[in-house]
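Thank you for making time this morning.

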Amino acid sequence: ARRASGGLLMTRRPVFLKSRYRRCSRLAALVFILFSWVHVQASEPADWLPGLLERETITIVVTDSGLGGLSVVADAAVKFGRHPVFREIDLVFVNALFRDQGGYNSLQSRDEQLAVFSSALSAMHERYRPDLILVACNTLSVLAPDTAFARSGAVPVVGIVEEGVEQIAAQLEDDPNARNILFATRTTVEDGSHKQGLLNLGFDDDRLISQACPQLSAYIEQGFDAMDTELLIDAYVDEALSQLGESGGPLSVSFNCTHFGYSLAAWKLAFESRGIEVAAYLDPNTRMVDFLLPSEKLQRYPASNVRVKAVSMVPIPAGSVDSIGRYLDAVSTPTAEALRHYRLRPGLFEWRGLVDTGAN
């Protein structure tokens with residue numbers, strides 16, 4: 001059930017998965033299929049994890065092609081502060097956006113996307129020497145296993161797509177009438193990795209509704225609680241519900257763009273105003289570091305020293321800093337301050353020589 005993918009190890013929690021899905025034979029089969037679907041190296045699953053958990057100090061780079069991944073950093077800062085699994089923790093957020101206008105989805109080909117993101121990963125490794133890289137972006141998580149950097153095996157690289165699939169699967173498993181609406185960017189919906197993963201696990205297509213939300217992440221960055229953002233979310237909820245049809249089963253909503261959870265209040269309002277009960281709002285951002293917090297190590301040290309910094313190769317608009325900073329204030333003050341005092345690193349990684357200059 002394992003497929004070679006150079007040095008990258010995307011599966012990170014086989015023991016926890018087996019424990020969670022021990023309830024019946026179908027769920028045991030679910031685990032087997034899940035490991036077939038994700039990209040995994042030819043060594044034993046998560047063979048790097050025990051050694052990582054024995055370290056006293058750890059550096060984790062969290063990267064995203066925007067500011068959504070800062071919610072993962074904030075969640076990690078809170079959890080590591082509460083549970084001193086490591087004595088010293090450096091959380092480095094790296095905005096992998098490489099130019100002001102047009103990101104990875106604007107590139108001409110997948111080969112260009114892979115080349116640029118591999119260059120970014122290499123630069124993160126060379127500059128910050130992380131013990132682990134978390135790709136808190138659905139688009140980049142799909143690319144990550146096929147980058148030259150990941151195949152080199154220099155450092156474990158963990159994406160967020162698997163977490164999202166697992167979270168939705170756990171929600172749907174208990175009730176055959178349960179359904180899920182997956183909200184994501186157009187690129188993530190068109191890629192279909194989440195839906196295909198769930199189909200591979202045996203869930204019927206009519207239980208899975210995918211709704212693309214063009215431009216929503218940009219609106220959220222400029223104002224996660226702004227009226228324009230609320231109206232756009234309301235429109236996308238309306239579109240999604242038009243696909244739902246009649247069902248008496250529980251409905252869950254999953255956010256499979258790292259930005260979307262910032263506007264949870266607006267999502268709830270959109271469903272509640274229509275009299276639609278949502279059984280669960282699923283956000284994989286809040287689970288991405290949980291595999292580093294095994295119960296037997298939660299109080300390993302008396303306390304942890306958690307340091308947070310944020311880095312970007314391109315200037316972050318003041319409106320985005322204000323919007324996301326205000327959200328982060330209520331979750332993790334160190335993360336909010338890291339954003340407000342982010343380090344601008346022009347030329348952090350090379351990209352111009354890796355893309356078709358005619359597209360620039």
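This is a predicted model: local features need pLDDT of at least 70, side-chain atom pairs count only at pLDDT 80 or more; totals for chains, interfaces and linings use all residues.

Helix H4, residues 70-82, lies across S1, S2 and S9, and runs at about 175 degrees to S2.

If we step back to the sheet as a whole, we find 6 strands in an open arrangement, with the order S4-S3-S1-S2-S9-S10 and parallel pairing. At its edges stand S4, residues 157-159, and S10, residues 343-344, and each has a single partner strand, so one side of each is left without a neighbour in the sheet.

Let us turn to the other sheet on my list, which is open as well and has 4 strands, in the order S6-S5-S7-S8, again with parallel pairing. Its edge strands are S6 and S8, the latter spanning 280-282, and each of them pairs on one side only. From one strand to the next, the twist averages 20 degrees.

Within this sheet, S5, residues 179-184, pairs with S6 in the parallel sense over 5 bridges, and asparagine 180 has leucine 208 in S6 as its bridge partner. S5 also pairs with S7, residues 251-255, in the parallel sense and over 5 bridges, and there isoleucine 181 stands opposite valine 253 in S7.

Why can we call S6 largely enclosed by the rest of the structure? The reason is that 4 of the 5 residues in this strand, which covers 208-212, are buried.

Finally, I would like to look at two helices, H12, residues 227-241, and H13, residues 264-272, which pack at an angle of about 50 degrees with their axes 9 Å apart. That angle makes H12 oblique to H13, and the crossing of the two is right-handed. On the H12 side, the contact includes Ile233 and Val237, while among the residues on the H13 side are Trp267 and Leu269. The residues of this contact divide into 8 nonpolar, no polar and 2 charged.

Key:
Residues are numbered from 1 along each chain as its sequence is written. Side-chain values use heavy atoms; hydrogens and water are left out. Buried means under 20% relative accessible area, exposed over 50%, partly exposed in between (1.4 Å probe, protein chains only). Two strands pair if DSSP finds at least two bridges between them. Axes are lines fitted to C-alpha atoms, for helices over the stretch in contact, and angles run from 0 to 180 degrees between N-to-C directions. Angles under 35 degrees count as roughly parallel, over 145 as roughly antiparallel, 65 to 115 as roughly perpendicular and the rest as oblique. A crossing is left-handed if the near helix is turned anticlockwise from the far one by less than a right angle, and right-handed if clockwise. Contact means heavy atoms within 4.5 Å. Ala, Val, Leu, Ile, Met, Phe, Trp, Tyr, Cys and Pro count as nonpolar, Asp, Glu, Lys and Arg as charged, and the others, Gly among them, as polar.
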